[in-house]
Amino acid sequence: MICDDFVDQDEFPVHVTSMTLSCAAGQGLAALRQALAEQRSGLRTNDFPGCELDTWIGRVSGVEDIRFDPDLAEYDCRNNRLALIGLEQDGFVQAAEALRKRYGRERIACVIGTSTAGIGTTEAAYRDLGEDEHFDPAYLLPRVHTPHTSAAFVARVLGLNGPVVTISTACSSSAKVFATAARLVDAGLADAAVVGGVDSLCLSVLYGFHSLELVSDQPCRPFDRARKGLSLGEGAGFAILEKTPEQSLGRLLGWGESSDAHHMASPHPEGAGAGAAMAGALKRAGLDPQAIGYINCHGTATPLNDQVEARAIRRIFPTPPPAASTKGWTGHTLGAAGIAESVFSLLALNDGYLPAGLNLTEPEPDWEDFILLEPVEKQIDAVLSNSFGFGGSNCALIFGREGA
Amino acid sequence: MNIDFDILGAGICAPGLPDWEALLTALAGRGLSEDRKAQPSALLSPRERRRAPAAVKLSFAAAEQACAMAGLEPAEPVAVFSSGMGDLQITDYMCRTLAEQPDLLSPTRFHNSVHNAASGYWSIGAGATGDVTAVSGWRDSALVGLLECLSRIHHEQQPVLLVVYDDVACGPMRDLWPTEQPFCAAMVMARPGNSAAVSRLQATVGRDRDPHDELPEPLQARIVDNPAARILPLMALVAGHTSGPVTLAGEQGLSLEFQVPIP
């Protein structure tokens, strides 16, 4: 049941006015554009400390070297170090400061998606557990061992004092932040929002996805016939949403949120929920399917996920637009996947450069007509980004070019 | 900025507070209903109930009560599950196993470790194909859940089910989350104009922590014990026990003030 009411575009414009992303493929937009142009993946053989699994990972270099100021020490964990790296790219802190001057800190929402949050530090605390079953005092950080750690941290660093919200719906988390923030602004609970997603590599996800036999021992190959599973990654990305912008990187035209109501870890075989999310986003945007110029797929590269997503796309789009997954560059950044792929979608919208998937040489017949094998240079007016997660949680976003 | 809304139904599940009747009894100063337990979930089979993760066991009873009072099928409303810490039993299992024998990690318990496990199982059990989401605000989770629901009510037509829960920690996490009693409350919220509404309320944005009427001692103790129970003064307002206003103050960010709107 997607919402039935029609939303008038002019009454509800939310624009993306700043954005940034840091992941294995690069830190900041310039590095990411270069990695896209050079077809250079950020994946490497697994070298995550304490993990012996034979796999490839999208690890961000230098997270370990970040040192927090003493006043932020209560937030110190890998997720928040990665968040800090992300915030420091593309002038994002300065953009948030200007936003604060414009609207006031009380009127800016901070909505962050995450699935891992600070669990890597909780894991470490258990590894170092003494005989007495108590954490070492160094790990007694209540603001780290909660799913809310990164939303609280980002609001603290940027000095935001409006609604501070964590969305944690596995791999759809940081797509849903756009919908939540847009609703908060529409309801008058905020005038603008910082949204984002942060997820960091940890043993929970490395061994967890391995236990589900969803991890490839090779770099992931989304939509290739020989795909064997996903490569795990990490990332931090952020965007600013405003109603009346001085500049716009794209307008949030629509979103669709749905549930599979099927299984905790496997998608609905026909992609019912995925299709409902895409259809809901199109309906809210008031767009026909042919208005979409590019789809950034969820495309995790597990055998089943890619098949189900392609099936759902074909059901909603009689003639699917060019589509690809960018996970070959980043790995699957889980709770940060939504923001990562929103940023890639907005880059496609602004640059007129539609990336193809990496490591994709032989598509299946089911999708060879629309999954890109080579990048395409083409101006598009609207782009759709898919994010699907455990719990059957689906979110599709549509961004449109300003003036189109 | 005011948001008017109706409460169509409410539910509660905590030791001594197995349902709405028990809450009314406690609000009337007649103590906790220690001898009664919550009705078992109708959405889960006995086998599923035994195998269900702790977060599911804790959250479903109140959510089902709220839907029943609202006269809605559980699949009908949009659902917002809010919890500060999620499933602390699974956190303990995951971290302990990863420290000792990571190769033996259970795939089922891994996929149940996501923060949206309770909401995901709700969607599966209820057959809810609309949006079912999971949010967190650490000790502000009641407030964060309400913010998410209020913005949805403003924006969309459908009723919204809010489920706020937090469990007790096990093992070393007890030092960080010293809560001693699990707590879950649920409310079905909707745009105003429902003839069968339990109550009509108005929410406004506030900044200060206004004092609310003191609740009877056993309820006051729960508010101190479990951050999810910070929703109790609002439940008391819904029950007509107080006339408000009631403030739910964020430790970080804004606060919400609730009152019965002046006609």
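Predicted model: local features only at pLDDT ≥ 70, side-chain atom pairs only at ≥ 80, totals over all residues.
## Where the chains meet

Let us begin with the contact between the two chains. Chain A brings 66 residues to it and chain B brings 64 residues. The size of an interface is often given as the accessible area lost when the parts come together. For chain A and chain B, the buried area is about 5500 Å², and carbon and sulfur atoms give 63% of that area.

Polar links cross this boundary too. Between chain A and chain B there are 21 residue pairs in polar contact. On the chain A side, at least two residues each come from α4 (119–127), α5 (149–158), β6 (164–167), α6 (173–186), α7 (203–211) and β10 (250–259). Of the elements on that side, α7(A) gives the most, with seven residues. The residues of chain A that touch chain B divide into 33 nonpolar, 21 polar and twelve charged.

## Charges across the interface

Side chains of opposite charge can pair when their charged atoms come close. Six salt bridges are counted between chain A and chain B. In one salt bridge, the side chains of E133(A) and R96(B) meet at 3.0 Å, N to O.

## Strands that pair

One pairing joins the two chains: β6(A) runs antiparallel to strand β3 (residues 132–136) of chain B, with two bridges between them. Here I167(A) has V135(B) as its bridge partner.

Another strand to look for is β10(A), where ten of its ten residues are buried. β10(A) has antiparallel pairings within chain A. Two bridges connect β10(A) with strand β1 (residues 15–23), where H15(A) stands opposite R251(A). Eight bridges connect β10(A) with strand β16 (residues 393–400), and in that strand I398(A) is the bridge partner of G254(A).

## Buried places in chain A

Helix α2 (residues 78–87) of chain A is largely enclosed by the rest of the structure, because ten of its ten residues are buried. Among them are R78(A), N79(A), R81(A) and L84(A).

S345(A) has 0% relative accessibility and so counts as buried. A polar atom of the S345(A) side chain lies 2.7 Å from the backbone oxygen of E341(A). Leaving aside residues up to four places away in sequence, S345(A) touches N296(A), V383(A), L384(A) and S385(A).

## Salt bridges through the structure

Over all chains, the whole structure holds 37 salt bridges. One of them joins the side chains of E242(A) and R102(A) at 2.6 Å, N to O. E242(A) belongs to strand β9 (residues 235–242) and R102(A) to helix α3 (residues 92–103), so this pair ties together parts of chain A that are 140 residues apart in sequence. E242(A) is buried, with a relative accessible area of 6%, whereas R102(A) is partly exposed at 39%.

A further salt bridge brings R314(A) and D369(A) together at 2.7 Å, N to O. R314(A) sits in helix α9 (residues 303–316), and D369(A) sits in the loop between β13 (353–354) and β14 (376–377), 55 residues apart.

In chain B, the side chains of D19(B) and R36(B) meet in a salt bridge at 2.8 Å, N to O. This pair ties together parts that are 17 residues apart in sequence, because D19(B) lies in the loop between β1 (2–13) and α1 (20–27) and R36(B) in the loop between α1 and α2 (46–51). D19(B) is buried at 19% relative accessible area, while R36(B) is partly exposed at 35%. Finally, salt bridges with shared partners join K176(A), R183(A), E257(A), R284(A), D131(B), E148(B), R152(B) and E156(B) into one network.

Key:
Residues numbered from 1 in each chain as written. Chains lettered and ligands numbered in written order. Heavy atoms only, no water. Contact = heavy atoms within 4.5 Å. Buried area = accessible area lost by both parts, 1.4 Å probe. Salt bridge = Lys/Arg side-chain N within 4 Å of Asp/Glu carboxyl O. Polar contact = N/O pair within 3.5 Å; in protein donor to acceptor, adjacent residues only side chain to side chain. Helix = DSSP H or I, 4+ residues; strand = E, 2+ residues; numbered from the N terminus. Nonpolar A, V, L, I, M, F, W, Y, C, P; charged D, E, K, R; others polar. Pairing = 2+ DSSP bridges. Buried < 20%, exposed > 50% of the residue type's maximum accessible area, 1.4 Å probe, protein only.
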